[in-house]
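Have a look at the structure first, then try each task before you read its solution.

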Amino acid sequence: MSQSFLQRHAARVIPWLVPAALLLAWQVASSMGWLNHRVLPAPSEVLAAAWRLTVSGELFTHLYSSFWRAASGFAIGAGLGLVLGLIAGLSRLGEAVFDTTLQMLRNIPPLAILPLVILWFGIDETAKVFLVAFGTLFPVYLNTYHGIRSLDPALLEMARSYGVTGQALFRQVVLPGALPSILVGVRYALGIAWIILIVAETLAASSGIGYLAANAREFLQTEIVVLSILLYALLGKVVDVAARLLERRWLQWHPSYLKA
Amino acid sequence: MKREDFTLPGSIQLQGLQRRFGARTVLDGLSLHIAQGEFVAIVGRSGCGKSTLLRLLAGLDAPDGGSLQQPADQTVRVMFQDARLLPWKTVLDNVALGLAGADAPQRAREALAEVGLADRASEWPVRLSGGQRQRVALARALVHQPQLLLLDEPLGALDALTRLEMQALIERLWQAHAPTTVLVTHDVSEAVALADRVVLVEEGRVALDVRIDQPRPRQHGDARFVAFEQHILQRVLQGPAYTGQLPAEPVQPYRFNQLNWAL
């Protein structure tokens, strides 16, 4: 009993030993002056910066800006991708109309159009939202389309022969069957949304975490640059956990999500 | 497309049925009459066209020629070899698929109880064994009260013991609900155990049509049962060259209980 108790806690603690040791070494190296502040600030300085910005409220302003851009860009891009994917997946005509165009556009790296986007929209919100939308549309489109096209025809035939057609067929068979694939697209799109946002905010913005980092660089505030990097990591993780929860809830039936 | 005068209401009449896939003729003038409530088993080698015949009866495919007459308003339900349960619906919701009305869950629950799986109603299909999945599929077919039940090698993928259990279950439910039933199988023993008539399809035509006049439930080891089985099996194996005849029904031997009082 006590052994298994110990083992259980050991299993939880062990993965954190290396990061904790690294952090400690980093702190010691900074305190002893072995590590130049301009190269890497001490963890305590980063923490102090986080506290300072939290108290002044700046942190939340920038967090909110970034989050809002990511969310609205993702909503537009993923929403459009889903709709177009459904159309192309469900109808041969839809496929003929949209698929070739989208497959061509998909080969453009979203960041390659950044200069053009800045020319069109300047550096205001629209530019960032547009870029995020452009980057998230394709993964959702492709996976939705693929999810519908790779549905098991035997299940479709069965459902039709049991009198399930039209909207009921879509709701009960097509959508749930394509959902695992759609969610793969959603998670992939979420990852892309952050990457695009980081670059766009660093290059051209007047608020947001990327701006915070770029601005701090100008004044050699390395602790704020490091803080910004950590914030991106944290936000990315939060979004990923949210996506996982969604999958766990919607794909309960899937062999990979069944509780043992 | 002449309708035979002797056709009874509710019966199915196939006349000179043709089905081709490209250059290959799968059904080549197949004729068959199935009476209402009858249990017909279709046997034959792989590729003889028996599954194609079933798909035509189900309306999943259309014939290239000949006529297929069946009641226009009948409910047809198919049970496939792979259970084809929707993995994202619970067992109960799978049974209720395509059911309408407020009492749908209740009817599904009753159907599930009939196949002995009432306690698994809220499970996901991946949790079930192969035999249990086929029982759910059977409940899903029967809950619609079909007039025509089509079974496409439903027990082909099951182990021998589960298969015997399922045969007993199918027989019991067929007797309770009395749908016209067509079972496609490659297992002659299964056909003899379940069907009123065993029909052998060969090269797209009916090659043999045997009425199994044995009382139910039938015993697999019974002499008469084995005679039927051997007769059909030999015909399958030897093809048209087979000239054997089904032995006549043996004279009833004396029974001990008949002798008892005479002693």
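**Exercise 1: two helices**

Work out how H2(A) and H10(A) are oriented to each other.

*Solution.* H2(A) and H10(A) are roughly perpendicular to each other, a label for angles of 65 to 115 degrees. Their axes, lines fitted to C-alpha atoms over the stretch in contact, come within 9 Å and cross at roughly 80°. Helices here are DSSP runs (H or I, at least four residues), numbered from the N terminus. H2 covers residues 43–56 of chain A and H10 residues 222–250. Next, find who touches: A:Glu45, A:Val46, A:Ala49 and A:Ala50 from H2(A) meet A:Glu223, A:Ile224, A:Val226 and A:Leu227 from H10(A). Contact means C-beta atoms, placed from the backbone, within 7 Å.

A note on the model: it is predicted, so local features need pLDDT of at least 70 and side-chain atom pairs 80 or more, while totals for chains, interfaces and linings use all residues. Residues are numbered from 1 along each chain as written, with chains lettered from A and ligands numbered from 1 in written order.

**Exercise 2: the largest core**

Find where the largest nonpolar core of 69 residues lies.

*Solution.* Start with the members touching the most others: B:Ala41, B:Ile42, B:Val95 and B:Val198. Then note that helix H4 (residues 130–142) of chain B gives the largest share, six residues. Finally, domain 1 (36–61 + 69–75 + 146–240) and domain 2 (85–145) of chain B both contribute, so the core lies between them.

**Exercise 3: one residue**

List some residues that B:Val95 touches.

*Solution.* Leaving out residues up to four places away in sequence, the partners include B:Ala108, B:Leu112 and B:Val136.

Definitions and conventions:
Axes fitted to C-alpha atoms, helices over the stretch in contact; angles between N-to-C directions. Parallel < 35°, antiparallel > 145°, perpendicular 65-115°, else oblique. Contact = placed C-beta atoms within 7 Å. Core = buried A, V, L, I, M, F, W, Y, C linked by C-beta atoms within 7 Å. Buried ≥ 20, exposed ≤ 12 C-beta atoms within 10 Å, placed from the backbone. Domains from an automatic or database assignment.
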